[in-house]
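Okay, everyone, let's get going.

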Amino acid sequence: MKISVIGVGYLGATHAICMASLGHEVIAVDVDPQKVALLNTGVVPFYEPGLTQLLGTANAQSNLTFTTDYSDASNCDIHFLCIGTPQTENELHADLTALENAFESVIKIAKPGSLIVGKSTVPVGTAQRLATNLAERKPGVLLNWNPEFLREGHAIADTLQPNRIVIGANTENGAEALANFYKLVSPEAPIFITNFPTAELVKVAANAFLATKISFINAMSEVADATGADVTLLADAIGADDRIGRKFLGSGIGFGGGCLPKDIRAFLARADELGLAESLNFLKEFDLINQRARTRAVALALKELGNPKGKKIAVLGAAFKPDSDDVRDSPALEIAETLHALGASVVVHDPRALESAAAKIPELTYSDSIEETLTQADLTMHLTEWGEYRALDPALVKKLVKVPTIFDGRNVLDVAKWQNAGWKLLALGRAL
Ligand SMILES: NC(=O)c1ccc[n+]([C@@H]2O[C@H](COP(=O)([O-])OP(=O)(O)OC[C@H]3O[C@@H](n4cnc5c(N)ncnc54)[C@H](O)[C@@H]3O)[C@@H](O)[C@H]2O)c1
């Protein structure tokens, strides 16, 4: 099938490359000429495990074209919209400007009988509004809303073997063509066909639930700090109940990234517009708990260091999560930036995100060497859960630092191993 993918960021590039690898002819359109040029030379402009290799395969190379020219996509049967919907500056709601511009451009080139598929995360009510516009302007072209659940770091597997497909449509048989398309991508994936608002809500409700679990355990971490309880053992014990489950009960410095924080804020803003502010008020609290986890980490560092001026802090991790170079709303980077602003001499290491971090916060010092980062450090802060940090030999790295004290912002380091090697461990929600 000939398809287009509009917007080749984290979601769109992955979708385009994966669909081309399955044999579809893919025209991938983006307004960013640099991104398009890089992708056309086989370079993925961000880090996602396996994606560059998949782009280099014969199938992807022969089936995939990246372009800035929408008219190259005029002959496509399906147009997948993968446009960013970031938080509006200084407000809670989602900025749909780029999505609406892209939608306008697609309307102009879509051939009769083709299908436009929105994959971006949008406030409930958006799809129906766009569908009404489309019906007036290009009758015969259909719209589906097909929210995306891929996780950065697992994006290829999540695209080729998704755990579910959700298709929102506003006519009875309007989802059939897309359902058939996805049956060929992943015959095992359950397909949920819904109306537009349900499809839009599945995405934001899922993210709200995940954010709730993380913030819930971080609220327990605050209580643990005040009472002497251990939040990780608490999470193990409540998570052993399969009605609760242990996943997403990882306490620490909280969630970040380009999705969860802005999605719960956009959900709050939309609920407010709908007169439902009270229904989602709990999300406001969970957003605050999440922000507080960052300030608690800074406070713990200051308590340990005293006056931070001139003290060296080695920060392990800049990305918002491991196996990604995404630093959007990254807790690690925000903590590093705050400590730098307070006068500490902060050096940040990350296996993949140094370039994106330096582009975002240029005033920090970055190093691609763990040794250099740790050398003569007065405090080490483990802030992103990369495997290489967990694999560090505490006895070896102790020889590099000035003071063997490490803050485990993710509560994943082997406490006994680090303590036995002579390190002092600091954490949120547990007295070690
Ligand atoms: N990143 C994820 O893991 C993920 C997962 C699920 C859902 N989503 C959702 O998917 C959407 C895209 O997210 P992302 O992380 O890929 O964003 P992104 O910012 O990485 O990518 C968006 C791309 O759209 C391009 N673009 C902007 N205006 C355009 C236009 N008029 N025409 C063509 N291209 C245009 C930008 O240049 C950019 O390359 C968002 O709604 C997000 O919430 C993202």
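**Helix H2, the cores and the cysteines**

Helices here are DSSP runs of H or I, at least four residues, numbered from the N terminus. Before I go on: this is a predicted model, where local features need pLDDT of at least 70, side-chain atom pairs count only at pLDDT 80 or more, and totals for chains, interfaces and linings use all residues. Numbering runs from 1 along each chain as its sequence is written, and side-chain values use heavy atoms, with hydrogens and water left out.

Back at the start of H2, residues 33-40, Asp32 has a side-chain oxygen within 3.0 Å of the backbone nitrogen of Gln34.

Now the cores, meaning buried Ala, Val, Leu, Ile, Met, Phe, Trp, Tyr and Cys residues joined through side-chain atoms within 4.5 Å. Buried is under 20% relative accessible area, with a 1.4 Å probe and protein chains only. The largest nonpolar core has 47 residues, and Leu339, Val346 and Met381 have the most contacts inside it. Helix H13, residues 331-341, gives the most to this core, with 5 residues. Apart from that core lies another, of 41 residues, including Leu64 and Ile156.

And how many disulfides do we get? The count is 0, taking a disulfide as two cysteine sulfurs within 2.5 Å.

Notes: Buried means under 20% relative accessible area, exposed over 50%, partly exposed in between (1.4 Å probe, protein chains only). Helices (H or I, at least four residues) and strands (E, at least two) are DSSP runs, numbered from the N terminus. A polar contact is a pair of N or O atoms within 3.5 Å; within protein, one must be able to donate a hydrogen and the other to accept it, and residues adjacent in sequence count only if both atoms are side-chain atoms.
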